[in-house]
There are 2 protein chains.
Amino acid sequence: MNFSVSEENYIKSIYHLQQQTDTVTTNSLANELHTRPASVTDMLKKLQIKQLLEYEKYKGFRLNATGNKIALNIVRRHRLWEYFLVTKLGFEWDKVHAIAEELEHVSSTELIQKLDNYLNNPQTDPHGDPIPDINGKLHVIKQVSIAEVPVKKNVVVSSVGNQSREMLELLNHNNIGIGTTLKVNLRFTFDGSAEIKVLKHATCIISEQVAKNIFVYHD
Amino acid sequence: MNFSVSEENYIKSIYHLQQQTDTVTTNSLANELHTRPASVTDMLKKLQIKQLLEYEKYKGFRLNATGNKIALNIVRRHRLWEYFLVTKLGFEWDKVHAIAEELEHVSSTELIQKLDNYLNNPQTDPHGDPIPDINGKLHVIKQVSIAEVPVKKNVVVSSVGNQSREMLELLNHNNIGIGTTLKVNLRFTFDGSAEIKVLKHATCIISEQVAKNIFVYHD
DNA sequence: ACTATTTTTTAGGTTTGTCTAAACCTTAAT
DNA sequence: ATTAAGGTTTAGACAAACCTAAAAAATAGT
């Protein structure tokens with residue numbers, strides 16, 4: 001089955017919101033898509049007819065198995081393009097989201113197959129998020145934010161929670177990226193901020209808010 | 001100014017038809033786009049308001065300078081993507097058109113800049129058609145079909161007129177592609193067929209119909 | 001338990017791009 | 001010069017995806 005750009009955007013957004021809350025609300029989805037609740041309700045009806053949703057009026061909704069699989073396929077496309085834009089075209093990792101958002105809707109499965117192959121089947125995108133395989137399987141890695149990680153222990157950055165322009169600029173300034181090795185020297189209990197040492201760079205202080213958004217591999 | 005996918009498709013198709021006939025008719029454009037004449041008229045009004053057309057009711061139309069520049073930009077995007085699909089992802093040249101048709105509408109100029117750079121600023125697409133530069137300049141190369149080229153003279157294949165799967169198969173079988181060096185040994189005036197020698201391969205015979213579709217650089 | 005507030009849905013309207021059918025021009029043939 | 005044929009435009013409708021405003025349902029506060 002084939003989906004419009006709009007339908008795909010709704011499916012993808014529902015998928016994202018489901019990661020945080022089990023069932024999604026009309027308002028939150030409208031907010032995510034910068035659209036109005038009434039428009040969301042309209043689209044929910046369509047997606048329900050297409051059998052992608054579990055949906056009861058006034059009671060929230062979630063993707064069913066079919067919907068989930070489609071969402072994962074869109075996520076796969078998006079993340080492969082992001083990887084391509086950064087590793088091949090030399091984009092900064094905080095600039096690729098909008099472009100990948102357009103590229104992900106190009107609907108040739110052969111294209112994505114060949115792209116995946118060309119990129120040597122990457123496991124994660126430039127933000128550290130895992131890339132689902134053809135069957136929609138996610139290779140989930142155990143992660144912990146550096147707000148929780150033990151001090152004085154070298155860890156490797158695996159992903160970043162908040163992918164806004166502002167956050168990524170802050171990280172660039174502190175020489176932190178996916179794959180960076182760092183160590184939490186100490187944490188200030190007063191405000192939750194932490195002094196961290198990035199490999200080959202001077203120590204720096206990051207706020208609790210930032211610490212909560214930097215994830216590292218957990219062994 | 002930004003254009004919808006539909007507008008871009010109309011602009012591109014008008015541009016293509018203009019290559020053959022100076023002024024384009026409603027019916028021919030409807031035919032090209034697999035749409036109805038009435039729909040064409042509707043869109044023409046829009047494009048005229050946006051100042052991209054020279055258009056007089058019932059008298060045909062053509063792109064003005066602005067329209068032409070936009071068309072060349074779309075062509076540029078399309079051909080760069082085709083080049084990418086063939087040289088990087090390993091597609092056959094007869095499979096890339098439909099996919100490039102979708103990719104060409106992704107509207108980031110930075111993306112196309114970086115893609116061009118990554119591909120080392122190719123001058124022609126996989127079919128041998130020239131790729132316009134950022135300013136919409138076409139580096140047109142003088143070409144001659146091998147039905148007209150002098151015999152016993154080494155020439156380099158620059159482009160192919162008919163880009164069907166069948167033609168590609170025939171050319172592949174005879175080891176002919178863009179950039180191939182070949183020589184016409186002799187031509188049979190009876191049916192216009194020609195014996196040709198492809199560099200490093202045995203001689204072969206091609207019909208006049210094929211010969212008329214293989215173009216070579218003309219010095 | 002009953003209001004007040006918030007959330008969600010419905011009803012009805014707009015825009016874009018398409019369509020069919022009918023009306024309208026142009027051209028070419030007698 | 002008239003008409004027949006063909007191409008082109010207009011008129012009116014429709015679907016998709018959005019909107020605002022109002023109604024309906026759920027929830028929260030007392």
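Leaving aside neighbours within four places in sequence, with which residues is A:I146 in contact? In this predicted model, A:I146 is in contact with A:V184, A:A194, A:I196, A:A211, A:I214 and A:V216.

## Nonpolar cores

A:I146 also belongs to the largest nonpolar core, which has 46 residues. Together with A:L85, A:V96, A:I214 and B:L85, A:I146 is among the members that touch the most other members. Helix α4 of chain A (residues 65-87) gives the most to this core, contributing six residues.

## Relation of the two chains

## The contact between chains A and B

Chain A and chain B each give 13 residues to the contact. On the side of chain A that touches chain B, the elements giving two or more residues are α5 (96-103) and α6 (109-118) of chain A. The largest share of that side comes from α6(A), with four residues. By class, the side of chain A that touches chain B comprises eight nonpolar, two polar and three charged residues.

Of the interface residues of chain A, 100% are also interface residues in chain B, so the copies meet through the same surface.

## Helix α5 of chain B

In helix α5 of chain B (residues 96-103), the buried residues are B:V96, B:I99, B:A100 and B:L103. Viewed down the axis of α5(B), these buried residues fall within an arc of 100°, so they line one face of the helix. An α-helix has 3.6 residues a turn, so residues three or four places apart point the same way.

The cover over the buried residues of α5(B) includes elements of both chains: α6 of chain A and α4 (65-87) of chain B.

## The surface near DNA strand C

DNA strand C is surrounded by 20 residues, of which A:T25, A:N27, A:A38, B:S4 and B:A38 are the closest. The elements that give two or more residues to this surface are α2 (26-32) and α3 (37-49) of chain A, along with α1 (5-20) and α3 (37-49) of chain B. The element that gives the most is α3(B), with five residues.

In composition, the surface near DNA strand C has seven nonpolar, eight polar and five charged residues.

Note on methods
Residues are numbered from 1 along each chain as its sequence is written. Chains are lettered from A and ligands numbered from 1 in the order in which they are written. This is a predicted model: local features need pLDDT of at least 70, side-chain atom pairs count only at pLDDT 80 or more; totals for chains, interfaces and linings use all residues. A residue is near a molecule or strand if its C-beta atom, placed from the backbone, lies within 6 Å of it. Ala, Val, Leu, Ile, Met, Phe, Trp, Tyr, Cys and Pro count as nonpolar, Asp, Glu, Lys and Arg as charged, and the others, Gly among them, as polar. Two residues are in contact if their C-beta atoms, placed from the backbone, lie within 7 Å. A residue is buried if 20 or more other C-beta atoms lie within 10 Å of its own, exposed if 12 or fewer, and partly exposed in between; C-beta atoms are placed from the backbone. The arc is that of the directions from the helix axis to the C-beta atoms. A nonpolar core is a set of buried Ala, Val, Leu, Ile, Met, Phe, Trp, Tyr and Cys residues joined through C-beta atoms within 7 Å.
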